[in-house]
Amino acid sequence: MEFVSTRGRAPVLSFSDAVLAGLASDGGLYLPREWPRLSLEEIAGFAGRPYAEVAFAVISRFVGGEIEDDVLRAMIEDAYAGFRHPSVAPLVELEPGHFALELFHGPTLAFKDVAMQFLARVMDHILAERGERATIVGATSGDTGSAAIEAFRGRDNTDIFILHPEGRTSEVQRRQMTSVLDDNVHNIALRGTFDDCQNTVKALFNNASFRKDVRLSGVNSINWGRIVAQIVYYFTAAVSLGAPLRPVSFTVPTGNFGDIFAGYAAKRMGLNIDKLVIATNANDILARTLETGRYEIQGVHPTISPSMDIQISSNFERLLFEAVERNPDALGPLMGAIAQSGGFDLPFGALAAIRAEFAAGTTNEPATRQTMAETYRSAEYLLDPHTAVGVAVARTARRDGVPMVTLATAHPAKFPEAVRDATGIEPPLPLWLADLYERPERLSVLDNDQGEIERFIKARTRSGEDLH
Ligand SMILES: Cc1ncc(COP(=O)(O)O)c(C=O)c1O
Ligand SMILES: N[C@@H](CCOP(=O)(O)O)C(=O)O
């Protein structure tokens, strides 16, 4: 399987190289050259199979034999063995025909664990086979960072540096990151927003000598290894609701567009998805884009769903690439316009192509709280504020006869204040995190200054010799 960059100027890579590269050298994002297709029989055969088996069937299509089947299968089984629910990603019916897909049964209580537990094992395997090390740098609004740190802590082949926006995550999210004291883990609280963190990470990738010197790699959803693992739960959920014979719709609380792009990939692979519904909070750039045809960056609004407080939605580039029929020369000027003027108008054909597959909706803070309160009253089910954004939008987007699945992206205990304010109930942390508030923290507060961040990282990156 070959992977191509959305910008068309980076080398075509294998699965392993695309995973280690993270971002393409031309600033683009990697995608498979062609979508692998699964037959209807194969999809139907996923019904009732263990999650790890479906994951192997889906992921191996992208690995293309580069990792031996037995090794890949063992890695996948190991990645999901630690999840606290036997189904890994169970469905819960909230109201007739509307389901929550619980993606928060991993170690850090958010959907990021599903991909990160796999990605860390794959990266470690590839690096060990090659006798190489890597420096991972990631940007987080709270959940990617905690999942990545948990997955990579203590690993000899990697140092990990996570940038979060100072004071803009929940306390639980921050502590999940900063209380991990392993030598290879470094937390940077950036004086800025999540978009500043993400722009800095991209700038580090675009500095060719820094990239080479530290052997830079990334674990944000710019890395195809993340998306590939997130495709799996669309298959398991849809099949248990009657796919491939019956179409299913999905609503996804959206920020960086990685999770919903995985749904789009599942559809390209042959899954019978009716609509993919983008749900946004006040940071509604994607909903505005679908409505008006103009992608335009505005200031970031802090909300009670902080992990979605994002304006520059990095994976939207992958969808645009598809919508302009994979023509990098059509995509390049659009991406250039973001840097120059903060936005662009979608070409008419591209907008029509996106509207054919996606719908979008926005909720405000009172409606999010009301959805949390109502869902607790009617179903005795606690939603975290991100999932609540999804549930609120899903209710407006449902079609008769088509089951709707809203992705439950985080456990309510990650956002105890928001949940208590809305419902009067404060969800407790699970036992393994019960002492989180007592654990010592370690973090460095830095200005949003690329040079300073590069010096910080270089000074702390361990070479192979340091380990012996
Ligand atoms: C809890 C939660 N929900 C939703 C999102 C948005 O997901 P994505 O960035 O893949 O669109 C995030 C962050 O990524 C998150 O942490
Ligand atoms: N909401 C995310 C932002 C980063 O998203 P990613 O999926 O691109 O890693 C977070 O929790 O950090």
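Entry 1: I began with UniProt, where an unreviewed entry gives "domain: Tryptophan synthase beta chain-like PALP" for residues 101-328. UniProt positions follow the numbering used here, feature names are shortened, and annotations may be inferred rather than shown by experiment. I noted that this is a predicted model, in which local features need pLDDT of at least 70 and side-chain atom pairs count only at pLDDT 80 or more, while totals for chains, interfaces and linings use all residues. Residues are numbered from 1 along each chain as its sequence is written, and chains are lettered from A and ligands numbered from 1 in the order in which they are written. For residues 101-328 I found 45% helix and 18% strand, with the end C-alpha atoms 35 Å apart. Helices (H or I, at least four residues) and strands (E, at least two) are DSSP runs, numbered from the N terminus.

Entry 2: Next I looked up K112, which UniProt lists in an unreviewed entry as "modified residue: N6-(pyridoxal phosphate)lysine". I found K112 in helix 5, residues 112-130. Is K112 buried or exposed? K112 counts as buried because it has 33 C-beta neighbours inside 10 Å. The cut-offs are 20 or more other C-beta atoms within 10 Å for buried, 12 or fewer for exposed, and partly exposed in between, with C-beta atoms placed from the backbone. Beyond its neighbours within four places in sequence, K112 touches D143, T144 and A147; contact here is C-beta atoms, placed from the backbone, within 7 Å.

**Entry 3: around ligand 1.** I then checked the ligand and got 15 residues around it, of which D143, N256, D259, S307 and T409 come nearest. A residue is near if its C-beta atom, placed from the backbone, lies within 6 Å. The shell around ligand 1 has 5 nonpolar, 8 polar and 2 charged residues. Ala, Val, Leu, Ile, Met, Phe, Trp, Tyr, Cys and Pro count as nonpolar, Asp, Glu, Lys and Arg as charged, and the others, Gly among them, as polar.

Entry 4: I traced an open sheet of 6 strands with mixed pairing, in the order 3-4-14-9-10-13. Strand 3 (91-95) and strand 13 are at the edges with a single partner strand each, so each has one side without a neighbour in the sheet. Neighbouring strands are turned by 25° against each other on average, direction ignored. Two strands pair if DSSP finds at least two bridges between them. Strand 4 (residues 98-102) runs parallel to strand 14 (residues 404-408), with 5 bridges, and A100 has T406 as its bridge partner. Strand 10 (residues 273-280) also pairs with strand 13 in the parallel sense, over 5 bridges, and A279 stands opposite G361. In strand 13 (residues 358-362), 4 of the 5 residues are buried.

Entry 5: Most residues other than glycine have a negative phi, and most peptide bonds are trans. I found a cis peptide bond between A243 and P244, with omega about 5°. P244 is in the loop between helix 10 (224-240) and strand 9 (248-253). L109 has a positive phi, near 70°, and sits in the loop between strand 4 and helix 5. L109 is buried, with 27 other C-beta atoms within 10 Å. R326 has a positive phi near 60°, and its loop joins helix 13 (316-323) and helix 14 (328-341). R326 is partly exposed, with 15 other C-beta atoms within 10 Å.

Note on methods: Two residues are in contact if their C-beta atoms, placed from the backbone, lie within 7 Å. Axes are lines fitted to C-alpha atoms, for helices over the stretch in contact, and angles run from 0 to 180 degrees between N-to-C directions.
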